[in-house]
Amino acid sequence: MSEQPLRVNFMSMPASPKVMFLNGPNANLYGLDRDGTYGSESFEGIQQSCLSHAETLGITLDFRQSNHEGILIDWIQEARLQHDALIINAAGLSYRSVPILDALLAFEGPIIEAHMSNIWKREPFRHHSMLSQAATGVIAGLGVIGYRLALDATAQLLTQQKG
């Protein structure tokens, strides 16, 4: 039996759900070290893949990256007013940023924490993400597939919320 990809039809809703997908420090370097932890696909390629997948799910995706903690916090606060859900890979800030955690705790919609690498197979300091406390769920270790799964999960959570 072959499995069909998840399809969520938001077309009957007045407007498609808006999801902000935030990427933290150094995510813009994905793909530059082809043998590295994060694979060979460039950040731009990952972004395009996510935008295409979101479109098939009927989601309006706002995909962003910053190397600066304060900008990520500003965007999370912006998302509180303009977006239905949030996906975040705060990268190295996941393990030390109380201000990002506080901003996420103020967000009322679903939050998916996504990591390209399996953080539990890496250095011990990466084994505890402070941001998980605010997350509805966590996806880690699946590379770009995990990003698409984060979009699928977000679409499902938004559907459940509406129903």
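# A guided tour, stop by stop

The structure holds two salt bridges, a salt bridge being a side-chain nitrogen of Lys or Arg within 4 Å of a carboxyl oxygen of Asp or Glu. Before you start clicking, note that this is a predicted model, where local features need pLDDT of at least 70, side-chain atom pairs count only at pLDDT 80 or more, and totals for chains, interfaces and linings use all residues. Residues are numbered from 1 along each chain as its sequence is written, and side-chain values use heavy atoms, with hydrogens and water left out.

**Stop 1: Arg64**

Select Arg64 and show its side chain. Which side chains does Arg64 meet in salt bridges? One is that of Asp62, at 2.7 Å from N to O, and another is that of Glu78, at 2.8 Å from N to O. Arg64 lies in strand E2 (residues 60–65) and Glu78 in helix H2 (residues 69–82), so this pair ties together parts that are 14 residues apart in sequence. Helices (H or I, at least four residues) and strands (E, at least two) are DSSP runs, numbered from the N terminus. Because they share partners, the salt bridges join Asp62, Arg64 and Glu78 into one network.

Is Arg64 buried or exposed? At 16% relative accessibility, Arg64 counts as buried, while Glu78 is partly exposed at 24%. Here buried means under 20% relative accessible area, exposed means over 50%, and partly exposed is in between (1.4 Å probe, protein chains only).

**Stop 2: His115**

Next, select His115 in strand E4 (residues 111–115). His115 is buried, with 3% relative accessibility. Its side chain is joined to that of Glu113 by a polar contact of 2.7 Å. A polar contact is a pair of N or O atoms within 3.5 Å; within protein, one must be able to donate a hydrogen and the other to accept it, and residues adjacent in sequence count only if both atoms are side-chain atoms.

Now display the surroundings of His115. Leaving aside neighbours within four places in sequence, His115 is in contact (heavy atoms within 4.5 Å) with residues including Asn89, Ser94, Tyr95 and Ser129.

**Stop 3: Tyr30**

The side chains of Tyr30 and Asn89 make a polar contact of 3.1 Å. Tyr30 is buried, with a relative accessible area of 5%. To try a distance, pick the C-alpha atoms of Tyr30 and Met116: they are separated by 9.7 Å, and the two residues are 86 residues apart along the chain.

Asn26 has its place in the loop between strand E1 (18–23) and H1. Asn26 is partly exposed, with a relative accessible area of 48%, and its phi is near 75°, a positive value in a residue other than glycine.

**Stop 4: Thr154**

Move on to Thr154, found in helix H4. How buried is Thr154? Its relative accessibility is 0%, which counts as buried. A polar atom of the Thr154 side chain lies 2.7 Å from the backbone oxygen of Ala150. Not counting residues up to four places away in sequence, Thr154 touches Val19, Ala85, Ile87 and Ile112.

**Last stop: H1 beside H4**

Finally, color helix H1 (residues 43–57) and helix H4 (residues 144–162). The contact between them is made by residues including Ile46, Ser49 and Cys50 of H1 and Val144, Tyr147 and Arg148 of H4.

Definitions and conventions:
Axes fitted to C-alpha atoms, helices over the stretch in contact; angles between N-to-C directions.
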